[in-house]
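Trainee: Could you take me through the terms used for this model? I want each label set against its definition.

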Amino acid sequence: MQPPSHVLRHGRLATLAPGAAGTGLVDDGAIVVAGGRIAWAGPDRDLPAAGGDLPITDLAGRLVTPALVDCHTHLVFGGDRAREFELRLEGATYEELARAGGGIVSTVKATRAASEDDLVAGALRRLDRLLAEGLGCVEVKSGYGLDLETELKMLRAARRLGRERNLRVRTTFLGAHAVPPEYADRADAYIDFVCGEVMPAVAAEGLADAVDAFCENIGFTPDQTRRVFEAARNLGLPVKLHAEQLTDQGGAALAASFGALSADHLEYLGADGIDAMAAAGTVAVLLPGAFYVLRETRLPPVDALRAAGVPMAIATDCNPGSSPVASILLMLNMACTLFRLTPAEALAGVTREAARALGLGGEIGTIDAGKAADLAVWDADNPADLAYWVGMNPLHARYVNGEVA
């Protein structure tokens, strides 16, 4: 590690260290930064002697957490679906809209028509709101192209977000999101196309960090999903899955059998899926925004996940249809009020566990020596304040690689 460059002093550190009680709170803590990484973190009274000679940022008792991580988004898309929101309020269901040609397929048309620059500009408007709430890392999925050209365009646009703004971006190929109109009633042929043509092109250009699919009665069957996962494995790409959102298709257990990073949504998750996820170390990503917007009533099995030791992450699922949400702090509150997570669990869900859901648990997500100095400093006294307030953003500063971003 490079020589220490500066030190942050007199902050309340919510380290989120694994095994620590609650949020691993350290009163009057300090963080020594070296080469963009955390060289040392702990009580200020134990600050190594060399730290006293470094440039100092006095945090004046402010709360410090790892920078937040949004591990499930669809930030890149064209158009919007506000009319569908109105139709759902009038009684239409998500499934009915999808089967009538709305939903994901309606966004496909707008996304295919948009230029890469248009997609980047639209995504930045949403991303900037997340950054203003302490975000340091975001996952962005494709899946609104459903053809070779547009899927590549979406992933290129997602990669550009990390060059336009100072944060980490992980990209996920979600070609198996829906069946496009040109493959109507030919889902197996579309999966052939995804696995045989699109995914190899994505991998050849290095555009994806993982592969996802929508395993659902309005999406793809477990057998079709398995084919996607096998193709991903052959290309050396890890997998994750939209699973058990509307019905129990056994998707979470299937994902776990491939060592999936995460299984996401999970309102209809059963005991077999929970056991498989626990055995595989697959993270459960809970999406309270979609639950709220779709006015769902079946809660994900949080108590059972907790009892089984399955790590739980929280994300916005930011997308134009089922979760038009651009506030990670709101998700903290909803995770507590709707899903009954504790504030400490919710904060871990957008830091330590969200990082694990992206395969980045060794790099970010906790305040530990050796990890990247990606931090959020808050005008707040306690970690629970971040979940407690609605419509209040107490962010004071956001650090990426040890520098104010």
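This is a predicted model: local features need pLDDT of at least 70, side-chain atom pairs count only at pLDDT 80 or more; totals for chains, interfaces and linings use all residues.

Trainee: How do you know that the radius of gyration agrees with a compact globule?

Mentor: The radius is taken over C-alpha atoms, and the globule rule is 2.2 Å times the number of residues to the power 0.38. For 405 residues a compact globule would be near 22 Å; the protein has 21 Å, so the value agrees.

Trainee: What makes up the secondary structure of the protein?

Mentor: There are 15 helices and 16 strands. These are DSSP runs numbered from the N terminus: helices are H or I with at least four residues, strands are E with at least two.

Trainee: Why is G362 called exposed?

Mentor: Buried means under 20% relative accessible area, exposed over 50%, partly exposed in between (1.4 Å probe, protein chains only). G362 has 64%, so G362 is exposed. G362 sits in the loop between helix 14 (352-357) and strand 14 (375-378).

Trainee: Why is N401 called partly exposed?

Mentor: Its relative accessible area is 35%, so N401 falls in between. N401 is in the loop between strand 15 (395-400) and strand 16 (403-404). N401 also has a positive phi, about 55°, although it is not a glycine.

Trainee: What makes a set of residues a nonpolar core?

Mentor: The members are buried Ala, Val, Leu, Ile, Met, Phe, Trp, Tyr and Cys residues, joined through side-chain atoms within 4.5 Å. The largest such core has 99 residues, and V76, L127, L161 and F173 have the most contacts inside it. Helix 6 (residues 187-204) gives the most to this core, with eight residues. A second, separate core has 15 residues, including A313 and L360.

Trainee: Which residues does F173 contact?

Mentor: Contact means heavy atoms within 4.5 Å. Leaving aside neighbours within four places in sequence, the partners of F173 include L155, V194, V198 and M199.

Definitions and conventions
Residues are numbered from 1 along each chain as its sequence is written. Side-chain values use heavy atoms; hydrogens and water are left out.
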